[in-house]
Amino acid sequence: MPRFEYLTERFLAASRARGGGVAGACAASVGVLPVQRAAIVIDEHHAGVQPWCTSDEVAAGVEAVQATVGEGPAVEAVATGMPVPVADLADGCERWPGFAEALARTRASGAMIAMPLRLGAIRFGALDLYRDAPGRLDARTVSAGLHIADLITTQLVLARSAGDPAEAAAAAQWLEQPLASRAIHQAAGMVVAQLGIGVPDAYARLRAYAFGHALSLAEVAEAVVARRIRFDGV
């Protein structure tokens, strides 16, 4: 059996065994690839790249930083449509100053590569793969990771085009926005109302507040929604 055909079967079986959807695909990526953790992030337009699933707290910490500062490997992978490797998260992120500064607070280390979830010119997000040991991933692992990213992209496309009610439940597992992500959008709407500014500026205000107070974007959004933080001085 050709290598990619075997990898496809293993990934789909592992994803189903782990409940399917984004969470199942994230866990399956760790199960079939020689990596220790993974994350799936989705590009949410003005909100930027947001984590929809992380395999553990280490990945969650790195993804929270990317979502907050609006830069990093996954953000670049979505923008360029190309894989973006980082040989060492502890000492290899200089081209993203805000990401590097905020990441230093998490003590993250090891290697990472962001694989774009793309279909032609359309970019849906990225599959981020992590390895404990620093150093570039070998070509075989990168090739396998890109194949897994393509499989995830296919599932996202199928979910977004599902019209049969029988397919609705499976599609929902791929399309259901995380609560933290919903809160970010709600908070941005509240900032728009408080300051009378545009939507992009509202997200920028939320990010700036989060970065300046060493908080994640999700933490600031939660506080805004709970009315513990206001931007109009009231």
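**Exercise 1.** Take tryptophan 96 and phenylalanine 99, both buried in this predicted model, and work out which kind of aromatic pair they form.

*Solution.* Start with the burial: tryptophan 96 and phenylalanine 99 each fall under 20% relative accessible area. Next, look at the rings. Their centres sit 6.0 Å apart, and the planes make an angle of 85°. Planes over 60 degrees apart count as edge-to-face, so that's the label for this pair. Searching the whole structure turns up two aromatic pairs, and tryptophan 96 with phenylalanine 99 is one of them.

**Exercise 2.** Describe the surroundings of arginine 37: is it buried or exposed, and which side chain does its own side chain contact?

*Solution.* Then check the side chain, which makes a polar contact of 2.8 Å with the side chain of aspartate 132. Finally, list the neighbours. Leaving aside residues up to four places away in sequence, arginine 37 touches Val30, Ser55, Asp56, Val58, Ala59, Asp128, Leu129, Tyr130 and Asp132.

**Exercise 3.** Work out how helices H3 and H9 are oriented to each other, and which residues meet.

*Solution.* Grab the geometry: the axes of H3 (residues 57-69) and H9 (residues 199-212) come within 8 Å, crossing at roughly 130°. Now the residues: from H3 you have Ala67, Thr68 and Val69, which meet Arg207, Ala210 and Phe211 of H9. Sort the residues of this contact and you get four nonpolar, one polar and one charged.

Notes. Residues are numbered from 1 along each chain as its sequence is written. This is a predicted model: local features need pLDDT of at least 70, side-chain atom pairs count only at pLDDT 80 or more; totals for chains, interfaces and linings use all residues. Side-chain values use heavy atoms; hydrogens and water are left out. A polar contact is a pair of N or O atoms within 3.5 Å; within protein, one must be able to donate a hydrogen and the other to accept it, and residues adjacent in sequence count only if both atoms are side-chain atoms. Contact means heavy atoms within 4.5 Å. Axes are lines fitted to C-alpha atoms, for helices over the stretch in contact, and angles run from 0 to 180 degrees between N-to-C directions. Helices (H or I, at least four residues) and strands (E, at least two) are DSSP runs, numbered from the N terminus. Angles under 35 degrees count as roughly parallel, over 145 as roughly antiparallel, 65 to 115 as roughly perpendicular and the rest as oblique. Ala, Val, Leu, Ile, Met, Phe, Trp, Tyr, Cys and Pro count as nonpolar, Asp, Glu, Lys and Arg as charged, and the others, Gly among them, as polar. Rings of Phe, Tyr and Trp (its six-membered ring) pair if their centres lie within 6.5 Å; planes under 30 degrees apart count as stacked, over 60 as edge-to-face and the rest as tilted. Buried means under 20% relative accessible area, exposed over 50%, partly exposed in between (1.4 Å probe, protein chains only).
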